[in-house]
Amino acid sequence: MDRETLVRRNNQLAEAFHQTPVQHRLRRYLINVVSKFPFSPLTKGWNRILFIKPDHLGDMLLAIPAIRALKQVQPYTEIHVLAGSWSGSVLANVPEVDLVLTIDFPGFMRGEEKTNYLAPYTQLLKVSRQLRQIGYGHAVIMRPDHWWGAMLAYVAGISERIGYDVDNVARFLTQALPHRHDHAIRQNLRLVEQWTGHLSDADVPYYLDVYDDERQYIQHYLAQFGISGKRYFCIHPGSGTWVKRWKNELWAKVADTLIDQLDAEVIFTGGDGERAMVDNIQNRMEHKSYTSAGNLNIEQLAALYENALVVMGPDSGPLHLSAAVKTPTVTLFGPADPVEFAPWGDKHHHLLLTSPIGCRPCRVLDWGEDDPAYHPCVREITIGQVLEAARTVVNPR
């Protein structure tokens, strides 16, 4: 298949992917019914705000500036966050958050099998009763298309519900803002501008505190490798979906080359499910390498990244974590849109690599069993591009 035909094929498939599937007719019917039911509003909790954020690590990190900014101007307002069980720990080092509530949001559990189409609605009723017991004056629906979160806030009787004017979401809101194509941090900040006003890029509070006990843990951890005090860089090769990932053999060559060129050690990072991938990369290398895959929690990973020369990898949460602790990044983008999801910060410190293929960004993160050869966007990025970007951010001119 020639390149022009491939681009046309992928664009057509992406357009079909983004259309509402037939099985969502039940969802539309229930949304319409629920939106017309007069749930009684709460009469307490007016000085308490609930942020609803179902996403994973990277998206949760990009939500933190809006939470910080609101707390700065409303220091006596309680801020609660309803987060996924997979990302609530990110907020442990965010003192502006008074309470983190975690649930398994329907539709956001990786590998989730949908067998009971009524389960999201029975769960919603259960969670809404819990929220009513706490009481909130405002709810902020942080994900633009999160109809379930907007419905939850409505059923829970929260009087002021703020989000974006998106299909299936807006009908549950009292303030539906026009959605603009912009960085995710900007989208989140816009939801709280009625309190904070507009913030310049320089005033956006994007950072994550690293505490001394986590730094000490990492010092001891590196000492066990025998590399305490040595220069090191990190590679996080994994991502939530195969279409974002680069080839293992290419990471091995990059790691070997940079060990020599930067006179530094390499530490691979990842979760439990990425150990096999990291092992495969390490087995392809000529130099000695180290791995923390599956061994560090989010706070400890932040402490590891804090002193790295650079963190490299495909678009994923750990790259945003690196940016939050002010460490340079090199991010390989495939189907996701860097306009929305690039690491936040000085563009000279956070370099983005993409393919020129015409169907990127398709914003389709799950191509299922489609042949990976039809989705070459990340894999078209060359070793030379990654090496040059790494050298550039480590040794800026």
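**View 1. Lining of the second largest pocket in the predicted model.** His-183, Asp-201, Pro-338, Val-339, Ala-342, Pro-343, Trp-344, Gly-345, Lys-347, His-350 and Leu-352 line the second largest pocket. Two elements, α13 (338-341) and β12 (350-353), each give two or more residues to this lining. The structure is a predicted model. The space in the second largest pocket comes to about 250 Å³. Sorted by class, its lining holds 6 nonpolar, 3 polar and 2 charged residues.

**View 2. Helix α14 and its buried residues.** Helix α14 covers residues 383-394, 12 residues in all. From first C-alpha to last, α14 reaches 17 Å, close to the 16 Å expected at 1.5 Å a residue. Buried in α14 are Val-386, Leu-387, Ala-389, Ala-390, Val-393 and Val-394. These residues sit on the same side of α14, because they cover an arc of only 165° around the axis. Their cover includes the helix α9 (248-261). It also includes the strands β10 (311-314), β11 (329-332) and β12.

**View 3. The largest cavity.** A search of the whole structure finds 2 cavities of 30 Å³ or more. The largest cavity holds about 90 Å³ of space. Its lining consists of Asn-10, Val-243, Pro-335, Ile-357, Cys-359, Arg-360, Cys-362, Trp-367, Tyr-374, His-375, Pro-376 and Cys-377. By class, 9 of these lining residues are nonpolar, 2 are polar and 1 is charged.

**View 4. The second largest cavity.** This cavity has about 40 Å³ of space. Around it lie Ser-89, Val-90, Asn-93, Leu-208, Asp-209, Ile-298, Glu-299 and Ala-302. The lining divides into 4 nonpolar, 2 polar and 2 charged residues.

**View 5. Gly-238 and its contacts.** Gly-238 is found in the loop between β7 (232-235) and α9. Its relative accessibility is 1%, so Gly-238 counts as buried. Leaving aside residues up to four places away in sequence, Gly-238 touches Glu-274, Met-277, Pro-314 and Ser-316. Leu-50 is 188 residues from Gly-238 in sequence. In space, the two C-alpha atoms are 32 Å apart.

**View 6. Ser-200 in its loop.** Ser-200 has its place in the loop between α7 (193-196) and α8 (212-225). With a relative accessible area of 32%, Ser-200 is partly exposed. Arg-186 is 14 residues away from Ser-200 in sequence. The C-alpha to C-alpha distance between Ser-200 and Arg-186 is 9.9 Å.

**View 7. Asn-168, with a positive phi.** Asn-168 is not a glycine, yet its phi is positive, about 75°. The residue lies in the loop between β5 (160-164) and β6 (175-177). Its relative accessible area is 11%, so Asn-168 is buried.

**View 8. Lys-326, with a positive phi.** The phi of Lys-326 is near 65°, a positive value in a residue other than glycine. Lys-326 is in the loop between α12 (317-324) and β11. Lys-326 counts as exposed because its relative accessibility is 60%.

Conventions. Residues are numbered from 1 along each chain as its sequence is written. This is a predicted model: local features need pLDDT of at least 70, side-chain atom pairs count only at pLDDT 80 or more; totals for chains, interfaces and linings use all residues. Side-chain values use heavy atoms; hydrogens and water are left out. On a 1 Å grid over the protein atoms alone, a cavity is a set of points where a 1.4 Å probe fits but cannot get out, and a pocket is an open set with protein on both sides within 12 Å along at least five of seven lines; lining residues have an atom within 4 Å of a point. Grid points are joined across faces, edges and corners, and a volume is the space filled by probe spheres set on the points. Helices (H or I, at least four residues) and strands (E, at least two) are DSSP runs, numbered from the N terminus. Ala, Val, Leu, Ile, Met, Phe, Trp, Tyr, Cys and Pro count as nonpolar, Asp, Glu, Lys and Arg as charged, and the others, Gly among them, as polar. The expected span of a helix is 1.5 Å times one less than its number of residues. Buried means under 20% relative accessible area, exposed over 50%, partly exposed in between (1.4 Å probe, protein chains only). The arc is that of the directions from the helix axis to the C-beta atoms. Contact means heavy atoms within 4.5 Å.
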